[in-house]
Amino acid sequence: MDRYLVFGHPVRHSKSPFIHTLFARQTQQELEYGLAEPAVDEFAQALRTFFDQGGKGCNVTVPFKEQAFTLVDRLSPRAKRAGAVNTIKLTDDGVLLGDNTDGAGLVADLKSHGVTLADSRILLLGAGGAARGALAPLLAELPSELVIANRTHTKAQQLADEFCDLGHVTAQTYEQLAGSFDLVINSTSASLQGELPPLAPALIHTDIAIYDMMYGASDTAFISWAKQHGARQTMDGLGMLVEQAAEAFTVWRGIRPGTKQVLRELKRNLGVI
Ligand code: ATR
């Protein structure tokens, strides 16, 4: 049976095996999908061993995405832009192809929620790996402007400079932010410490769409905060998780699984519904 897995550390709580097992059942693909949690300095060896022993493909999550970028034989254009690899496929001619499906997953999930990206004014909070992965796919949707705000402003500026060939992208400090945004995407890891990005409440209005790449059994701190200040449309990163997985599954198997039912089952599994 074709073998796939996700590398991460820690990875025990990963939902990827659950999601890919449902995709495989739905599309009648014979495969198994497991977990691997190598020590942080043993990822390269673990990856090599997995493919030497017949593995067909893998996902890579925190903290290995940047290292995976350096270990594959070839990079997809979107992985090159993201500077990170979350999906690896062993091609028929024995090449390890590194791809990145995170940004495509975000855009697919936004669209599935009916969010219009073309001609919209987008605010992206954070300038780490998650923001970098999202930029090219977001700019490909031709927003009128994409503003990056980050606690460490120089990092936002670097990203804006790096991606300015793809569209109208600028960096602003949190204090500089003004005007009306159509969509705010929180890519920061602030919620992990129970913190909020320092965004002025005045930027939130009833018609704004709020997306938090994080998710949990209940509202993230950022989503609760945005709701308190009047945001009516809020979305968390669970849909992005399923959509990036669907994109990876498509890369590996050449068949695109449906995501709606799988997302529903995942929510049930997490106790969200
Ligand atoms: P990831 O790969 O998930 O993006 P990362 O590369 O460590 O993780 O980036 C985390 C991002 O969250 C950074 O943009 C970080 O801001 P700094 O660049 O200033 O460190 C942001 N972040 C983390 N905690 C935050 C907080 N409490 N408030 C605002 N931004 C925060």
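This tour moves through one predicted model, naming at each stop what to select and what is found there.

**Stop 1: the two domains**

Begin by colouring the chain by its domain assignment, which gives domain 1 (2-100 + 241-270) and domain 2 (103-236). The contact between them takes 12 residues from domain 1 and 15 residues from domain 2. The C-alpha centres of domain 1 and domain 2 lie 25 Å apart.

**Stop 2: the cavity**

Next, select Arg-78, Arg-81, Ala-82, Asn-100, Gly-103, Gly-133, Ala-136 and Pro-137, which line the largest cavity. A search of the whole structure finds 1 cavity of 30 Å³ or more, and the volume of the largest cavity is about 30 Å³. Which domains supply its lining? Domain 1 (2-100 + 241-270) and domain 2 (103-236) each contribute at least three residues to the lining of the largest cavity. Two helices can be highlighted here: α4 (77-82) and α6 (129-139) each supply at least two residues of this lining. By residue type, the lining of the largest cavity comprises 3 nonpolar, 3 polar and 2 charged residues.

**Stop 3: helix α1**

Now select helix α1, residues 16-27. How far apart are its end C-alpha atoms? They are 16 Å apart, in agreement with the 16 Å that its 12 residues should span at 1.5 Å a residue. Show the side chains of Ser-16, Pro-17, Ile-19, His-20, Leu-22, Phe-23, Ala-24 and Thr-27, for these residues of α1 are buried. An α-helix has 3.6 residues a turn, so residues three or four places apart point the same way. The elements that cover the buried residues of α1 include the strands β1 (2-7), β2 (31-36) and β3 (57-60), together with the helices α9 (238-253) and α10 (260-270). Just after α1, select Gln-28, which takes a positive phi of about 55°.

**Stop 4**

Move to Ser-76, in the loop between β4 (74-75) and α4. Is Ser-76 buried or exposed? Its relative accessible area is 11%, so Ser-76 counts as buried, the cut-off being under 20%. Residues up to four places away in sequence aside, Ser-76 touches Leu-97, Gly-98, Asp-99 and Asn-100.

Leu-97 is the next selection, in strand β6 (residues 96-99). Leu-97 is also buried, with a relative accessible area of 18%. Not counting residues up to four places away in sequence, Leu-97 touches Val-72, Arg-74, Leu-75, Ser-76, Thr-87, Ile-88, Lys-89 and Thr-91.

**Stop 5: Ala-46 on helix α2**

Select Ala-46, which is in helix α2 (residues 43-52). Its relative accessibility is 22%, so Ala-46 counts as partly exposed. Leaving aside neighbours within four places in sequence, Ala-46 is in contact with Phe-7 and Pro-38. Ala-46 and Phe-7 are 39 residues apart in sequence, while their C-alpha atoms are 8.9 Å apart in space.

**Stop 6: backbone angles in the loops**

The last stop concerns the backbone. Most residues other than glycine have a negative phi, and most peptide bonds are trans.

Where are the cis peptide bonds to inspect? One runs from His-9 to Pro-10, with omega near 5°. Pro-10 is found in the loop between β1 and α1. Another joins Val-62 and Pro-63, with omega of about 5°. Pro-63 lies in the loop between β3 and α3 (65-71).

Then select Asp-119, in the loop between α5 (102-112) and β7 (121-125). Asp-119 is not a glycine, yet its phi is positive, at about 65°. With a relative accessible area of 65%, Asp-119 is exposed.

Finish at Leu-142, in the loop between α6 and β8 (145-149). Leu-142 likewise is not a glycine and has a positive phi, of about 60°. Its relative accessibility is 60%, so Leu-142 counts as exposed, the cut-off being over 50%.

Definitions and conventions. Residues are numbered from 1 along each chain as its sequence is written. This is a predicted model: local features need pLDDT of at least 70, side-chain atom pairs count only at pLDDT 80 or more; totals for chains, interfaces and linings use all residues. Side-chain values use heavy atoms; hydrogens and water are left out. On a 1 Å grid over the protein atoms alone, a cavity is a set of points where a 1.4 Å probe fits but cannot get out, and a pocket is an open set with protein on both sides within 12 Å along at least five of seven lines; lining residues have an atom within 4 Å of a point. Grid points are joined across faces, edges and corners, and a volume is the space filled by probe spheres set on the points. Helices (H or I, at least four residues) and strands (E, at least two) are DSSP runs, numbered from the N terminus. Ala, Val, Leu, Ile, Met, Phe, Trp, Tyr, Cys and Pro count as nonpolar, Asp, Glu, Lys and Arg as charged, and the others, Gly among them, as polar. Domain bounds come from an automatic or database domain assignment. The expected span of a helix is 1.5 Å times one less than its number of residues. Buried means under 20% relative accessible area, exposed over 50%, partly exposed in between (1.4 Å probe, protein chains only). Contact means heavy atoms within 4.5 Å.
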